[in-house]
Amino acid sequence: MGRQAPSVFILVPGPWREPADVVAGLNHHGVEAFVRTDAALEPGQIVVEVISDANLGAAFSWGRRGPLPDELVREVQLCDKAALLEVGCRLDREPHLLVGLGRALQAEGGVAVRMEGSGAASAWQPWLDHLESATPADIYESAVLVVKEDDGTYFTCGMHQFDLPDSQIEMEDASAAIDWLETFNVFQLAECPVLGSGHTFSP
């Protein structure tokens with residue numbers, strides 16, 4: 001079996017009840033999308049399903065830089081369904097696909113957006129601004145979280161959205177650890193280096 005092509009998942013709470021509602025709304029804004037089937041995802045394709053969750057607010061309580069505003073979380077919590085969309089692309093190479101999709105979902109009543117590859121939730125505007133900028137640092141900012149383990153190890157979550165492995169580092173200083181991880185990962189997005197066992201890195 002061949003290796004699956006990279007894709008990006010986003011979760012968007014909103015007024016939809018069925019996948020066909022989301023597809024119709026997207027098509028109205030010129031975004032081609034399809035209800036999910038068992039067929040393999042094609043490059044550039046967008047497929048949709050709708051999930052039910054009575055506690056969506058909890059899933060949208062935390063963003064890239066910490067807790068999200070209470071007002072936004074309350075608005076999400078008023079929704080009991082969310083559109084789950086898979087986009088057949090590598091995020092850093094085709095951010096425009098996500099920008100167009102996001103704007104259409106927002107216009108159709110989508111409340112907020114969450115990158116399912118990392119769990120990073122966001123209000124619409126910073127997320128759209130980062131992707132529209134299309135710089136490696138801003139695209140990274142839109143999609144990846146840094147997590148701390150109990151043993152003091154810090155690791156990234158979400159680099160597979162760029163078809164890359166996550167990184168980890170062990171440091172006592174949280175700020176320094178995050179800076180190292182982000183510098184290294186943005187370097188990978190900007191320079192596309194070929195890295196092997198034993199290679200070293202310095203900013």
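Mentor: Start with a pair of residues: Arg90 and Asp92 are both buried. The model is a predicted one.

Trainee: What does Arg90 form with Asp92?

Mentor: The general idea comes before the case. Side chains of opposite charge can pair when their charged atoms come close. Here Arg90 and Asp92 form a salt bridge, with 2.7 Å between the closest N and O atoms.

Trainee: How many salt bridges does the structure hold?

Mentor: There are 10 salt bridges in the structure. One of them joins Arg36 to Glu86, and the closest N and O atoms are 2.6 Å apart. Arg36 sits in the loop between β2 (34–35) and β3 (46–52), while Glu86 belongs to strand β6 (residues 81–87), so this pair ties together parts that lie 50 residues apart in sequence.

Trainee: Is Glu86 buried or exposed?

Mentor: Read the relative accessibility against the cut-off: buried means under 20%. Glu86 has 4%, so it counts as buried. Arg36, at 29%, counts as partly exposed.

Trainee: Which residues are linked in a network of salt bridges?

Mentor: Arg64, Arg65, Glu141 and Glu182 form such a network. Within it, the side chains of Glu141 and Arg65 meet in a salt bridge of 2.9 Å, N to O. Glu141 is in helix α6 and Arg65 in the loop between β4 (62–63) and β5 (66–67), so the two tie together parts 76 residues apart in sequence. Glu141 is buried, with a relative accessible area of 16%, whereas Arg65 is exposed at 57%.

Trainee: Which residues form the negative surface patch?

Mentor: A patch takes in charged residues that have no salt bridge. In this structure the negative patch consists of Glu149, Asp150, Asp151 and Glu170. Glu149 is found in the loop between β9 (145–148) and β10 (153–157), and its relative accessibility of 40% makes it partly exposed.

Trainee: Which residues have a positive phi although they are not glycines?

Mentor: Ala134 is one, with a phi of about 65°. Ala134 lies in the loop between α5 (124–133) and α6 (136–143). Cys192 is another, with a phi of about 50°, and it lies in the segment after α7 (174–191). Both count as partly exposed, Ala134 at 41% and Cys192 at 48%.

Trainee: How many helices and strands does the chain have?

Mentor: The chain has seven helices and 11 strands. Its radius of gyration is 17 Å, close to the 17 Å that the globule rule gives for 203 residues, so the chain is as compact as a globular protein of that length. Buried residues make up 44% of the 203.

Definitions and conventions:
Residues are numbered from 1 along each chain as its sequence is written. This is a predicted model: local features need pLDDT of at least 70, side-chain atom pairs count only at pLDDT 80 or more; totals for chains, interfaces and linings use all residues. Side-chain values use heavy atoms; hydrogens and water are left out. Patches are made of residues with over 30% relative accessible area and no salt bridge: like charges are joined within 9 Å, nonpolar side chains (Val, Leu, Ile, Met, Phe, Trp, Tyr) within 5 Å. Accessible areas come from the Shrake-Rupley method with a 1.4 Å probe; for residues, only the protein chains shown count as cover. A salt bridge is a side-chain nitrogen of Lys or Arg within 4 Å of a carboxyl oxygen of Asp or Glu. Lys and Arg count as positive and Asp and Glu as negative; His and the chain ends are not counted. The place of a charge is taken as NZ of Lys, CZ of Arg, CG of Asp or CD of Glu. Helices (H or I, at least four residues) and strands (E, at least two) are DSSP runs, numbered from the N terminus. Buried means under 20% relative accessible area, exposed over 50%, partly exposed in between (1.4 Å probe, protein chains only). The radius of gyration is taken over C-alpha atoms; the globule rule is 2.2 Å times the number of residues to the power 0.38.
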